[in-house]
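Q: I have a chain open here and would like to go through it step by step. Can we start with burial?

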Amino acid sequence: MEDSRFMWEYEYSAETDVDPEALWRSWSDPDRWPEWNPGIESFELDGPFAVGTTFRMTSPEGDTVELRFVEIIEGRLWADVFTGEGFEIRTDHRTRR
């Protein structure tokens with residue numbers, strides 16, 4: 001069992017009238033991420049949009065982080081993980097239908 005003293009959870013959601021299929025097409029095409037995420041100046045993908053693929057994102061300030069896709073449910077969800085020294089941060093991107 002995980003020690004909850006060292007776990008935290010944060011949730012942010014936004015609503016849009018964009019068609020869920022169009023949203024998924026944008027989300028599942030990492031080359032388009034800088035179009036909708038102003039926190040990404042550049043992006044480098046090490047393979048396909050698939051579980052296990054690593055990628056690097058660089059912010060406008062020049063900070064680069066490496067992440068890995070850990071879950072993809074076509075049309076519904078993709079999740080990535082950043083691993084630091086002794087911790088992991090998982091980010092889920094979900095559509096609601």
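A: Buried residues make up 25% of the 97 residues in the chain. Buried means under 20% relative accessible area, exposed over 50% and partly exposed in between, with a 1.4 Å probe and protein chains only.

Q: And where does this model come from?
A: It is a predicted model: local features need pLDDT of at least 70, side-chain atom pairs count only at pLDDT 80 or more, and totals for chains, interfaces and linings use all residues. Residues are numbered from 1 along each chain as its sequence is written, and side-chain values use heavy atoms, with hydrogens and water left out.

Q: OK. How many helices and strands does the chain have?
A: It has two helices and five strands. In order from the N terminus they run α-α-β-β-β-β-β. Helices (H or I, at least four residues) and strands (E, at least two) are DSSP runs, numbered from the N terminus.

Q: What order do the strands take in the sheet?
A: The order is 1-2-3-4-5 in an open sheet, with antiparallel pairing. Two strands pair if DSSP finds at least two bridges between them.

Q: Which ones are the edge strands?
A: Strand 1 (42–45) and strand 5 (87–94), each of which pairs on one side only.

Q: Let's take strand 1 then. How many bridges does it have with strand 2?
A: Four, in the antiparallel sense, and strand 2 covers residues 54–58. Glutamate 44 has arginine 56 of strand 2 as its bridge partner, and leucine 45 stands opposite phenylalanine 55 of strand 2.

Q: What about strand 2 and strand 3?
A: They pair over five bridges, again in the antiparallel sense. In one of these strands, strand 3, valine 65 is the bridge partner of methionine 57.

Q: Which residue takes a positive phi in the hairpin of strand 2 and strand 3?
A: Glycine 62, with a phi near 100°; the hairpin has five residues between the strands.

Q: Switching to helix 1. Which strands does it lie across?
A: Helix 1 (residues 20–27) lies across strand 3 (64–73), strand 4 (77–84) and strand 5, and it runs at about 30° to strand 4. Contact means heavy atoms within 4.5 Å. Axes are lines fitted to C-alpha atoms, for helices over the stretch in contact, and angles run from 0 to 180 degrees between N-to-C directions.

Q: Last one: what does the C-alpha trace span?
A: About 40 × 30 × 25 Å along its principal axes.
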